[in-house]
Amino acid sequence: MPALTVGFDLDMTLVDSRPGIAAAYRALTARTGVPVDAELAVSRLGPPLRTEIAHWFPPDQVESAVRVYRELYPAYAITPTLLLPGAREAIDAIRARGGRVLVVTSKIGRLARLHLDHLGLAVDELAGDLFAEQKATALREHGATHYVGDHVADMVAAAAAGVPGIGVATGPCSSAELREAGAEVVLNELTEFPAALDGMIQLALEQ
């Protein structure tokens with residue numbers, strides 16, 4: 001059995017970034033004059049930033065809006081972001097079992113790192129600016145044995161990497177949607193993760 005290496009998505013899996021991201025979108029509106037419904041935007045976190053920006057800005061303004069948003073992000077989005085219940089304990093559970101922790105996210109790496117540092121989450125590897133099947137490249141590169149995420153695209157990533165997907169219903173996708181997308185296990189929140197991990201390890205040992 002390969003060494004335990006668990007990958008996590010970031011937004012709405014480990015952290016509740018909705019307050020901070022909403023603040024960043026409101027700042028983007030103030031800077032550009034283009035109205036963005038911040039609450040709607042944060043209700044569907046998961047896809048790459050450009051996907052959301054394209055709902056609000058004309059095609060020829062998307063790249064400039066992405067740059068402005070990322071300039072504003074450190075000042076507006078980091079401090080309001082909170083750990084989701086069980087996130088720190090989930091990472092501690094992996095460490096206690098001799099495992100490694102990855103974060104593989106659609107957020108660009110330098111902004112993801114600001115969240116991890118601010119919240120004191122120590123991880124072994126961080127890969128950013130990846131979505132759906134793209135995440136599988138990082139998962140394979142770092143030897144992931146499991147991938148945890150709140151979005152159906154995270155279950156697609158796990159399947160593409162050939163590892164079990166663990167869904168957590170703390171984001172925009174329901175438990176049913178996560179199961180349909182291929183999740184091997186679906187949790188209501190990460191407080192359930194240590195027990196689920198033990199069950200999956202035991203099952204792997206028995207095969």
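1. **Helix α1, buried face.** The buried residues of α1 are Gly20, Ile21, Ala22, Ala23, Ala24, Tyr25, Ala27 and Leu28. Buried means under 20% relative accessible area, exposed means over 50%, and partly exposed lies in between (1.4 Å probe, protein chains only). Helices (H or I, at least four residues) and strands (E, at least two) are DSSP runs numbered from the N terminus. This is a predicted model, in which local features need pLDDT of at least 70 and side-chain atom pairs count only at pLDDT 80 or more, while totals for chains, interfaces and linings use all residues. Residues are numbered from 1 along each chain as its sequence is written, and side-chain values use heavy atoms, with hydrogens and water left out.

2. Contact here means heavy atoms within 4.5 Å. Helix α1 covers residues 18-32, and its 15 residues should span 21 Å at 1.5 Å a residue. The expected span is 1.5 Å times one less than the number of residues. The end C-alpha atoms of α1 are 21 Å apart, so the model agrees. Just after α1 comes Gly33, with a positive phi of about 80°.

3. Ser17 sits in the loop between β2 (15-16) and α1. Its relative accessibility is 0%, so Ser17 counts as buried. Leaving aside neighbours within four places in sequence, Ser17 contacts Asp11, Met12, Leu45 and Thr81.

4. **The cavity.** There is 1 cavity of 30 Å³ or more in the structure. On a 1 Å grid over the protein atoms alone, a cavity is a set of points where a 1.4 Å probe fits but cannot get out; a pocket is an open set with protein on both sides within 12 Å along at least five of seven lines; lining residues have an atom within 4 Å of a point. Grid points are joined across faces, edges and corners, and a volume is the space filled by probe spheres set on the points. The largest cavity holds about 50 Å³ of space. Asp9, Asp11, Leu45, Gly46, Thr105, Ser106, Lys135, His151 and Asp154 line it. By class, this lining has 1 nonpolar, 4 polar and 4 charged residues. Nonpolar takes in Ala, Val, Leu, Ile, Met, Phe, Trp, Tyr, Cys and Pro; charged takes in Asp, Glu, Lys and Arg; the others, Gly among them, are polar.

5. **The largest pocket.** Its volume is about 290 Å³. It is lined by 20 residues, and the closest to its centre are Tyr25, Leu45, Pro47, Pro48 and Leu49. Helices α1, α3 and α4 are the elements that give two or more residues to this lining. The lining divides into 11 nonpolar, 4 polar and 5 charged residues. Tyr25 is also one of the buried residues of α1. Leu45 is on the cavity lining too.

6. **His115.** This residue lies in helix α6 (residues 109-119). Its relative accessibility is 1%, so His115 is buried. The His115 side chain makes a polar contact with the side chain of Tyr73, at 2.6 Å. A polar contact is a pair of N or O atoms within 3.5 Å; within protein, one must be able to donate a hydrogen and the other to accept it, and residues adjacent in sequence count only if both atoms are side-chain atoms. Beyond its neighbours within four places in sequence, His115 contacts Leu10, Tyr73, Ala77, Ile78, Thr81 and Lys107.

7. Most residues other than glycine have a negative phi. Which values does the model give Asp129 and Ala132? Asp129 has a positive phi near 65°. It is in the loop between β5 (125-127) and α7. At 43% relative accessibility, Asp129 is partly exposed. Ala132 has a positive phi of about 50°, and it too is in the loop between β5 and α7. Ala132 is buried because its relative accessible area is 9%.

8. **Helix α8.** This helix runs over residues 152-161, with Ala153, Asp154, Met155, Ala157, Ala158 and Ala161 buried. The cover over these residues includes α7 (133-141), β6 (146-149), β7 (165-168) and α9 (175-180). Asp154 also lines the largest cavity. Gly162 follows α8, and its phi is positive, near 75°.

9. **Asn188.** Asn188 is in the loop between β8 (185-187) and α10 (193-206). Its relative accessibility is 53%, so Asn188 counts as exposed. Its contacts, leaving aside neighbours within four places in sequence, are Val168, Ala169, Thr170 and Ser175. Asn188 and Val148 are 40 residues apart in sequence, and their C-alpha atoms are 12 Å apart in space.
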